[in-house]
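Me: I am new to this structure. Please show it, and then let us go through it step by step.

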Amino acid sequence: MRAVLMSLLSLTLILGTAGCTKKKKADYDLDIATTLRINISTEPPSLDWHKSTDTTSALIQDNMMEGLVEYNLTDKELGLKPALATEWRAENNNQTWFFTIRKGVKWTDGQELTAQQFIDGWQRLLTPATAAEYAYFLYGIKNARPFNEGKLTDFSQVGVSVTDKGELKVELTSPTAYFPYLLTHHSTFPVRLDVIAKHGDQWIEPGKIVTLGAYTLKVWDHDKAIVLERNEGYYGEKAKTKHILAYMINELSTALNLFNAGKIDAQTQLPSTELRELRKRAEYRETGILSIYYYGFNVKKPPLDNPIVRKAISHAIDRKEVTQMLDGGQIPLTSWVPPGMFGYEPNMGTEFSPDKAKQLLEQAGYKDRSKFPKIEIGFNTNDDHKRVAENIQAQLKRNLGIDVELKNEEWKVYLKSLKTDPPHIFRLGWLADYPDPDNFLNLMTSYSENNHTRWGSKEFDDLIAKAVGLATQEMRAQVYTEAQKILTEKDVPVAPIYASVAHSLVAPRVVDFPFNSMQRFVFKGVSLK
Amino acid sequence: MKEKILLFLGADWDKSLLIGLPIALCVLVTLFLDFFGFEVPTALYVVDGLLILGAFLHFTITQGLVTYVFKRTGEALVVVMVIATLTFLLLRLVPGGPFDQEKALPPEVKANIEAKYKLNAPIYEQYFDYMAKLAQGDLGESYKYIGRPITDILAETLPSSVQLGIYALLISFLIGIPAGVYAASRHNTMADSLTMITAISGVALPSFLVAPLLILFFSFYLEWLPPALWEGPEYYILPIITLGVRPAAVIARLTRSSVLDVIRSDYIRTARAKGLSEMVILYKHVLKNSLIPVLTFSGPLVAGVLTGSFVIELIFAVPGMAKHLIQSVSNRDYPLILGTTLVFSLVLVFANLIVDLLYAYFDPRIKLT
């Protein structure tokens, strides 16, 4: 017994001392001087660009893949520039689109890009079995919706094909001026079906995945970090920084600590409570983003079924007071389309006026405030949402003399409530999918899944449908103005509160960090000092 | 030398020493190598595992506890099954589903997703399907981390949690027990009061306060240690202290009060009358009999600490499992919730079983049947 134990013990010690090598360091042996270190907050849910729906996965995908077109990140209004398509044109009143595929683009395994690989990708996105959430992105294409529903099984009937000239031809169900914008989105990127067939679900792992963007996936250390490496075979100008090391640090204050300790170069989300201090620093940067924060009214719940009451409430909210209280650089908003996009109307909507508000409330029959029913403001549990709701509660008491109750719910429970029985007033936000007013106004159409107000107006729906078919931006802007008037001045099913801004810290050694209103972080143009 | 050690430990500790010492040495070597960032060969883990298992079997067989262990293991499995069932059902009762999100999905898309994950099937069907797969060790795929098997997620995150947990347990026992004995032996003195004030502070301070204080002091003021990440020994220290400080304090308090009880008993008076040295009395005769309350506390402690602490993993960016245990609930990621809950309950149930066996070891008067 003793002998056995002793021999085991010696074996352990021998193994322990002799068999050991120093573990690979978690900085993945990268040279910091040529590595941009960022924080992507969380493990990307999937690098499969047809299946993921979140911004973390999108960030990685946008750096290793490309679509037909891409945002011109140096343009403030985010125009488009050629990417995998060298040029494109619309016919038939923006209803049929043609894209010329760039020649000589190579995937990382050396194969050449073809137009068919786009069709493959779109077919995969729309195939019911893929269960892709973003399948609806392509619902504008002829027969795409029935194909995704499983009612149509022959993909050749879907409005996408390759012409004799080798162009990619897309036929839409209705005129859509903003269609090329959708093609910047990862769900529309081309794909290599042979790679997926070979590796199955594992095809997105390093060593298996085949891409064509400025970076390739080198390491995916789940729940820890991702390393991207410059793609030397990239068709365009090669990326300026050799590696990107993306940590997955959840907690904002932890990320901030690491930034302060010089362990990461950029942090694009900051704790709101620290902004006052952080703003003083040279590395601090505020960027307007295409995102709105609004209060919706459930127009079926009395007394909010009366548009005059809704208008009174909207007039009684001083947006500036809210943004000053938040102190995060947010822009007070009374129109629906946020700044940074055509269609933004700073003077539209219900301006702050307690007198007008009181007058309207009396006009609605609530001269005696005690007769005004108790109403509720709902929001999902979050410190900032709570601060806004408390502020608005106080404003409504002060400016209008009415009492409102606050009700917070856990996020998913809240979403369920919004779907089944929205509170009188509820908080929500919207972040642009594409930088076009349509994305914001479509949200309030009577058929939108995201319109929780129960409000619907045929006049409004018709205007939105009309606008996307118009040829010029000026003509469209005019129609959007009309639509926004209905939304924010006439029927008032919503009270916009503010347009959001993004706060970031970027180390001085980082040059040309891609700040932009869509939060599209493509790093090929970033260099390090 | 050996006689001296044996005199100190007593004859009944001789055998234990023979088995315990190599095990402790092996485990310590492993921990040491792991801590200092060496790639520990799998063989070493296997040897550790075999040694512990061997000791466990040796004890079970010599004490005639084989049936007991089998019975308890059976019970444990039933408990885990019940937990799986309850969790499964409760999840379906919680409002909000895994694919409800701010940007609502068109019904067609939602139907495709529900069909893929069989969420449109009747609940009992989903349940039997889940249980059948579970019996084969298949925990399914995550909804949130699309296509990733739950077993992969657990295999990738649990080790960091366990690693952090073992170190934290080690320091909490190594600090807590001696501190408790020390305070008891200096009962009603300044040293006793100071130790206990420290311990009470340790119990009272929540980790979300201890962590930032430690970071502030060691990372930014002294600049000795990194504020977060999990990359090597210097990164391990702060999370280990934060996680270990509370159990260490509780153990110190438990040990102290239990040592105080034992120290007043007749046989200790006899030992003193025999002229044994205070050290021998305290660490040989008193301590062994005082460990029962500490053991009781250790079962849940081990389970809690090994499966990770949400707050500490967040603050120090430790790539552990606790994050998933909490966030999977907010995401309504049913398979991941079930997976993490099962791991937690398994560890808890078996930690308690081992604690019960240790009762019998430390106090032969306790009979397990």
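Me: How many residues of domain 1 of chain B are in contact with domain 2 of chain B?
Reply: This is a predicted model, where local features need pLDDT of at least 70, side-chain atom pairs count only at pLDDT 80 or more, and totals for chains, interfaces and linings use all residues. Residues are numbered from 1 along each chain as its sequence is written, chains are lettered from A and ligands numbered from 1 in the order written, and side-chain values use heavy atoms, without hydrogens and water. Contact means heavy atoms within 4.5 Å. On the domain 2 side of chain B 16 residues take part, and on the domain 1 side the number is 14.

Me: How far apart do the C-alpha centres of these two domains of chain B lie?
Reply: The bounds come from an automatic or database domain assignment. In chain B, domain 1 is 1-62 and domain 2 is 149-362. Their C-alpha centres lie apart by 20 Å.

Me: How many helices and strands does chain A have?
Reply: Both are DSSP runs, numbered from the N terminus: helices are H or I with at least four residues, strands E with at least two. Chain A has 16 helices and 20 strands.

Me: Why is chain A called as compact as a globular protein of its length?
Reply: The radius of gyration is taken over C-alpha atoms, and the globule rule is 2.2 Å times the number of residues to the power 0.38. For 529 residues the rule gives 24 Å. Chain A counts as that compact because its own value is close to this, at 26 Å.

Me: What share of chain A is buried?
Reply: Buried means under 20% relative accessible area, with a 1.4 Å probe and protein chains only. Of the 529 residues in chain A, the buried share is 57%.

Technical notes. Buried means under 20% relative accessible area, exposed over 50%, partly exposed in between (1.4 Å probe, protein chains only).
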